[in-house]
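Please consider the model shown here together with its sequence.

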Amino acid sequence: MKKFIPKRVFIEEGALEYALTKKLDEDFKKQGIPVEYIESHNRLNPKEQMSPIELFNWTKETLAVGVKKTLRFKSCKPSADYRVVTNTSCPGKCEYCYLAKNLGSASYLRIYVNIDEILEAVKKHIKKGEGEVVSFEASSSSDPVGVEHLTGNLKKMIEFFGKEEKGRLRVVTKFPFVDDLLDIDHNNNTKFRFSINSSYVIKSFEHLTGSLDERISAANKIQKSGYPLGFIIAPLMIYDGWKEEYKEMLLRLHKELKSPEDDRLTFELIMHRFTTRSKNLIEARFPNSSLKLDKERYSHKGFGKYVYPEGEAQEMKEFMEENIEELFPNSSIEYFT
Ligand code: SF4
């Protein structure tokens, strides 16, 4: 697949002080990409009126280059202790994406150029852990691998965490662009997880992301470079033939992964869920979606949140756990939710 190239770029004036911004500014102009200078990366809107579909497409073609001003770290359970944000949104267009829902009309891509300041704040936060290991999730607000060719932020983070005895970094991706991350002294302190799914889910809902083959091939490169590796299977969906397809996916993973017996291998399992807000947004952005957002069929958990009914959730949990344990006996399942 091709790497992301924005159709238009907005650069925050304050970001021009950073060398990376100057380089990006020149590179975009050389490629004929229109660049506009703005006061703040926070509230970008197209000049003309747009329908929800047009607006969503506009945001996913738009890049803002800015400075991350809030250097506080929010909790990120169950994935890690805290989030570390070096970019926001991603080039993919997964129909179910919780991030696109949370960002609303601000789902344009943002990259932050003050990585050194962000890492300085991370360092102080690790110190506050008073000797305990402190973990940070790099993918809570984005897929950092999807824009790494523009920023190099992930490489800097991996190098930084490689030197932090008590700091750990966790990354999740659906993109295969890991080649520049393979020769880094990561010191086992960064864990990569590839988000994978059945062929039906990838084909129907995960637009502009790497194919399953590309993700497994990238996972092999990461494993060969000695990084701890895991897989997130999410969102797990129930549809005609789901058991056959998930089994097929796990068999393929087992066959194609160079070291399926790796005892550091982990799985995180997350079932499909939606909220009234996400349903409204998804239906406006993807009017022909075959995503099932039927409130009658799901179980209401309160606060407008819908999940699979308990019996089906239990069946899925048992099915996935049994198959993973059979094919990857040395691996561990971190959670099912
Ligand atoms: Fe959302 Fe991840 Fe898909 Fe990007 S790759 S659209 S962050 S689910």
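**Cores, cavities and backbone**

The largest nonpolar core has 77 residues, and those with the most contacts inside it are L169, F192, F231, I233, Y246 and F267. A nonpolar core is here a set of buried Ala, Val, Leu, Ile, Met, Phe, Trp, Tyr and Cys residues joined through side-chain atoms within 4.5 Å. Buried means under 20% relative accessible area, exposed means over 50%, and partly exposed lies in between (1.4 Å probe, protein chains only). A second, separate core comprises 15 residues, including F4, F28, I33 and L63.

The model is predicted: local features need pLDDT of at least 70 and side-chain atom pairs count only at pLDDT 80 or more, whereas totals for chains, interfaces and linings use all residues. Residues are numbered from 1 along each chain as its sequence is written, and side-chain values use heavy atoms, with hydrogens and water left out.

Helices (H or I, at least four residues) and strands (E, at least two) are DSSP runs numbered from the N terminus. An α-helix has 3.6 residues a turn, so residues three or four places apart point the same way. Helix α11 (residues 310-327) has 18 residues and, at 1.5 Å a residue, should span 26 Å; its end C-alpha atoms are 26 Å apart, in agreement with that expectation. The expected span is 1.5 Å times one less than the number of residues.

Two further helices each contain a buried residue of interest. T21 lies in helix α1 (residues 19-30) and counts as buried because its relative accessible area is 0%. Beyond residues up to four places away in sequence, T21 touches I11, A15, L16, V65 and V113. H125 lies in helix α4 (residues 115-128); this residue is also buried, at 14% relative accessibility. With the same exclusion of residues up to four places away, H125 touches F73, Y82 and F136.

A search of the whole structure finds two cavities of 30 Å³ or more. On a 1 Å grid over the protein atoms alone, a cavity is a set of points where a 1.4 Å probe fits but cannot get out, and a pocket is an open set with protein on both sides within 12 Å along at least five of seven lines; lining residues have an atom within 4 Å of a point. Grid points are joined across faces, edges and corners, and a volume is the space filled by probe spheres set on the points.

The largest cavity has a volume of about 70 Å³. Its lining consists of F56, C94, E95, Y96, C97, A100, K101, S278, L281, I282, R285 and F286. The elements giving two or more residues to this lining are α3 (98-103) and α10 (276-285), and α10 gives the most, with four. By class, the lining divides into eight nonpolar, one polar and three charged residues. Ala, Val, Leu, Ile, Met, Phe, Trp, Tyr, Cys and Pro count as nonpolar, Asp, Glu, Lys and Arg as charged, and the others, Gly among them, as polar.

The second largest cavity, of about 30 Å³, is lined by S198, S199, L212, E245, E248, M249 and R252. Helix α9 gives the most to this lining, with four residues.

Most residues other than glycine have a negative phi, and most peptide bonds are trans. The peptide bond from K77 to P78 is cis, with omega near 5°, and P78 is placed in the loop between β4 (75-76) and β5 (80-83). A cis peptide bond also joins A234 and P235, with omega about -10°; P235 lies in strand β13. N188, which is not a glycine, has a positive phi of about 65° and belongs to the loop between β10 (167-173) and β11 (190-196). F303 has a positive phi near 55° and is exposed, with a relative accessible area of 88%.

Terms used: Contact = heavy atoms within 4.5 Å.
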